Amino acid sequence: MSNLLLLLILLPVAAALVCYFVRSRAVRSLTVTATGAILTVASLGLLAQGEFTYSPGSFLGIMSWDVLITVLDFALLVIMFFYGLKLKNLLIQIFVAAQFVLLLWLEATIDHGMEIPALYGDNLSLIMVAIISIVGSLICIFAIPYMKEHEEHLHLTKSKQPRFFFFLVLFLGAMNGLVLANNILWLYFFFEVTTFCSFMLIGHDETEIATRNATRALWMNSLGGLAFVIGMILMEAKLGTVSIQAILAAGPQGAIMLTGLGFICLAGFTKAAQMPFQSWLLGAMVAPTPVSALLHSSTMVKAGVYVILRFAPAYAGTFLSYGIALCGAFTFVACAALAIGQSNGKKILAYSTISNLGLIIACAGINTPLAITAAIMLIIFHAVSKSLLFLCVGTIEHGIGSRDVEDMRGLYARMPRTTVITIVGILTMLLPPFGVLMSKWMAIEAASQFLIPVVLMAMGSALTVVYWARWGGLLMGTRERGAQPESQATLTRLPLTILVIGSVVLALIAPVIYSGLIAPLFPEGAPFQVSLGVLSSTQGGFAVYPLFLVLGVGLLFALKATSGWRKAKEVAPYVSGSNVETPGSYNGPMDQPVSFSAGNMYLGELFGENKITAAANAVAIALIVLMMGGAL
């Protein structure tokens, strides 16, 4: 047990140091690949061992780990304050300085003689560790050839990859520490490490726009850090402990504790980029694509929803819980609407991520076994499919020089392998029997007793269909006979292949995942019965295996129908004038050729960022204020 924990938290730290100090590309590639493989095996080993509680001994026989974490905590805050000064950003300076003072006061007042297990793992934590270690490692491996090409495009004379991989790999260790922490001071430390790593990675290219967006990410997440410290102080004042297990066991304990939990959830909102804090994640799109994939799928934003989900038992049945559900459901529908107005592939993925995180948070707020099941399922399936799609966009961008979905029209002709993988990734976000849609169905069923959340969820789900179907539909096209095969580096192809297979296989074994990992979280009564691949509850059922059977039959019919496509006669579209020999033209007025083109509608007058964002932010702020004040 201790060896596995050591590997999952400290191995990434050691690997990060090797990447930084050993300036050899071969050593760096081997280190990242080997670390990913070891983390994958270790996470599955820990998952197999099940629930545990663990207290490490002293650090090298010199000091306790609690003292070391405290020292590192203050050192990290000093570094962040330094960057606030360097960037001349007053908000960063204020938020970090306030954290420093309040943390100092908390450390001076708590009982350090109390024995508190530092680490704790239940099935929720272990699932998160598996996501971080497997999906995160695949992204790091994908980054090896990607960053080489990225720097070639930038014509850099000196590589910045050592620093890049230092923070990328360090992120994995910080996230594993975060989800395994039982001492809330440990959780706060790892929470802040992820803030700093994301700041460094977003600003990696050191362009003006990268620095500006990294600065915004740092001040917004420093605000979240401040909220976290205030929440810790209030909960410790009420319960006299910093043990998360003790906090969860105590349950709702009056206004002071609920206010503390409200601040903790507010910190989760900022980390998960919920409205009105979404701008930092959208700005993070300037970073290299592996950073976007890591932030959106298995780290950073998942830390936000994990924190809210972790403390859900402590605020169950309270006004705070309903307020969280309403805030999450609003973000879900608002960001789904904003995604419709986008043609930039990374922005569509970003808004879709924020939207789905809103749905997870709404489920945490509804706070029933069915809703919590939906939230965990959505975390699993969203992580795999979204990381896959981000890596696909990065591969496509390097292939065609654009991330605009309109430029991907007929992409199959040029990049058939990447196109097929991208389409499968989109389908796993959109259609049954895949896991994301199944999770949304669970969420809507769980919200059926809450009028406003269920209406918002239904609207958001409908809007989601528009942008996924539009994107997937324009990728397909024909390919010339004898065309050159698509070239992909092995370390590009490997993560894409594993993730696309994983997104399908995980959906196929969803009943097994539920029975083995999620149902045990509810000893007083799991929400589903599983029989022959059908998940049944009092609200309804989701027939996983029968739906896969229907999908297989449909796929066979589709393959048969398209088998003779090479013999089909290609006919130019009729556009109210006689076609001419020049492709893309017709004979128009004055007998002159007129060019035409096809494109999707993005309805900017309805779904444009400038039309929706300000009003949606205002509503989101109002909802958060009412939530914190207990009016919802």
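Which helix gives the most to the nonpolar patch? Keep that in mind as you open the structure, which is a predicted model.

**Stop 1: the surface patch.** Select Leu6, Leu10, Val13, Leu17, Val18, Tyr20, Phe21, Val22 and Val27, and show their surface: together they make a nonpolar patch of about 690 Å². Now colour residues 2-21, and you have your answer: this is helix 1, which gives the most to the patch, with seven residues.

**Stop 2: Val18.** Stay in helix 1 and pick out Val18. Is this residue buried or partly exposed? Val18 has a relative accessible area of 30%, so it counts as partly exposed.

**Stop 3: the nonpolar core.** Next, go to the largest nonpolar core, which has 223 residues. Good ones to select are Ile184, Phe228, Trp280, Phe311, Tyr315 and Trp471, the residues with the most contacts inside this core. Then highlight residues 369-400: this is helix 16, which gives the most to the core, with 21 residues.

**Stop 4: Phe228.** Zoom in on Phe228 and show what it touches. Setting aside residues up to four places away in sequence, you will find Ile184, Leu187, Tyr188, Phe191, Phe263, Ile264, Ala267 and Val307.

**Stop 5: Ile127.** Finally, move to helix 5, residues 123-154, and select Ile127. Why does Ile127 count as buried? Because its relative accessibility is 5%, and buried means under 20%. Which residues does Ile127 contact, leaving aside neighbours within four places in sequence? Select Leu47, Ile376, Ile380, Leu517 and Ile518 to see them. To end, draw a distance from the C-alpha atom of Ile127 to that of Leu185: they are 58 residues apart along the chain and separated by 22 Å.

Terms used
Residues numbered from 1 in each chain as written. Predicted model: local features only at pLDDT ≥ 70, side-chain atom pairs only at ≥ 80, totals over all residues. Heavy atoms only, no water. Patch = residues over 30% accessible without salt bridge, like charges linked within 9 Å, V, L, I, M, F, W, Y side chains within 5 Å. Areas by Shrake-Rupley, 256 points an atom, 1.4 Å probe, with all protein chains shown as cover. Salt bridge = Lys/Arg side-chain N within 4 Å of Asp/Glu carboxyl O. Helix = DSSP H or I, 4+ residues; strand = E, 2+ residues; numbered from the N terminus. Buried < 20%, exposed > 50% of the residue type's maximum accessible area, 1.4 Å probe, protein only. Core = buried A, V, L, I, M, F, W, Y, C linked by side-chain atoms within 4.5 Å. Contact = heavy atoms within 4.5 Å.
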